[in-house]
Amino acid sequence: MTRVATGRDIQSDALLRFSTGYRGTSTTAPTATTFTTDGVNIPVNSVVGSSVVTGSVFGIIQSNVSAVNSILTIDRWYDVSALAANANVAAVPAPAAGVWTILPGNIPGAYMGLTAAATAALDGDTVLAGELNATGAAGLNRQLATYAHTSAATATSLTKTFTAAAADTLPVTVAQMGIFQGVVVAASRMIFRTVLNATGTLSAVGDQIQITHTTTL
Amino acid sequence: MAKIDPRSGVPDLEVKSTSHKKIKKAHEEGSLYTGHTVILENPHHGGVTQFSIGGSTLHEALTEIVGAYDTNHSGTPGISEDFTPPGWVASTSENLASLVAEHYDCSIKDLSEVSA
């Protein structure tokens with residue numbers, strides 16, 4: 001397992017950085033991937049990985065510029081009470097301008113992606129090379145994994161049973177996985193990249209593979 | 001401790017044939033259990049194991065719960081003699097609670113009775 005450089009930044013922010021958040025009222029309409037703070041100046045890239053919340057939706061901040069009206073780049077909009085199950089779930093529409101909040105801390109990472117590529121994981125990796133990302137009725141694309149933790153124990157696991165579906169390109173031999181902060185393949189930041197202890201081949205629709213990522217805290 | 005398919009890593013669910021049919025039907029329909037909470041009493045650790053279900057069908061969610069509990073949360077990984085099944089299950093989903101209880105032959109608790 002390689003906890004990549006970005007993953008260390010996310011862990012640090014999520015566990016130990018209890019910084020002041022921000023809030024305001026925007027008048028600029030948010031887009032699918034940007035949010036303008038209108039009158040609130042936020043230091044450059046100081047809120048990366050945090051969430052900007054407006055109404056019942058939030059976006060995971062990928063970068064931000066410092067200006068009188070700071071512009072945040074997000075990966076997409078998520079419904080706070082209905083997280084995207086996988087990469088093919090359409091993003092929530094951009095919200096209207098209005099009251100917003102940036103909460104302290106980083107968004108957790110529980111999305112799991114797969115690849116057939118067997119190249120070694122490197123510390124500076126920011127993407128999972130060759131990540132399976134078929135559109136339509138695919139079952140092997142990036143998915144929200146099931147989280148489990150036992151009170152006071154050291155292990156936390158993310159487990160996903162992937163089921164091959166009609167849109168997946170089969171057969172495929174899965175060799176690596178990645179854990180991501182969000183569901184957007186081209187944007188959401190990677191925390192872990194791991195070469196599996198055994199490859200798994202899926203040959204037909206309905207074939208399954210279960211992958212568990214365990215983190216010891 | 002559930003048997004695990006060596007090729008796929010997916011654990012076998014030890015439930016009645018009628019339950020298998022129900023799980024299969026739900027899986028084919030594609031209904032997802034995203035966001036549901038499942039809590040298992042964990043005798044090995046003297047506490048509870050909490051699950052937040054991901055983007056999973058009923059079959060996927062059940063195998064994720066069983067796979068994670070058996071392998072990572074119920075004893076020493078890889079040592080079956082150390083395995084301790086849960087004494088009870090509680091969940092925001094009645095389907096998940098009843099089928100996990102059937103698999104482990106344990107009781108179901110109401111979430112209001114759980115002090116995690």
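This briefing describes the interface of chain A and chain B in a predicted model. Local features are given only where pLDDT is at least 70 and side-chain atom pairs only at pLDDT 80 or more, whereas totals for chains, interfaces and linings use all residues. Residues are numbered from 1 along each chain as its sequence is written, chains are lettered from A in the order in which they are written, and side-chain values use heavy atoms, with hydrogens and water left out.

**Extent**
- In the interface, 27 residues of chain A are in contact with 28 residues of chain B, contact being heavy atoms within 4.5 Å.
- About 2000 Å² is buried between chain A and chain B, 46% of it from carbon and sulfur atoms; buried area is the accessible area (1.4 Å probe) that two parts lose on being put together, summed over both.

- Two salt bridges are found across the interface of chain A and chain B, the rule being a side-chain nitrogen of Lys or Arg within 4 Å of a carboxyl oxygen of Asp or Glu.
- A salt bridge joins the side chains of A:K160 and B:E64, at 2.9 Å from N to O.

**Strands at the interface**
- The elements giving two or more residues to the side of chain A that touches chain B are β9 (143-144), β10 (146-150), β11 (155-163) and β14 (208-216) of chain A, where strands are DSSP runs of E, at least two residues, numbered from the N terminus.
- β11(A) gives the largest share of that side, eight residues.
- β10(A) pairs in the antiparallel sense with strand β2 (residues 47-52) of chain B over four bridges, pairing requiring at least two DSSP bridges between two strands.
- A:A148 stands opposite B:F51 in β2(B).
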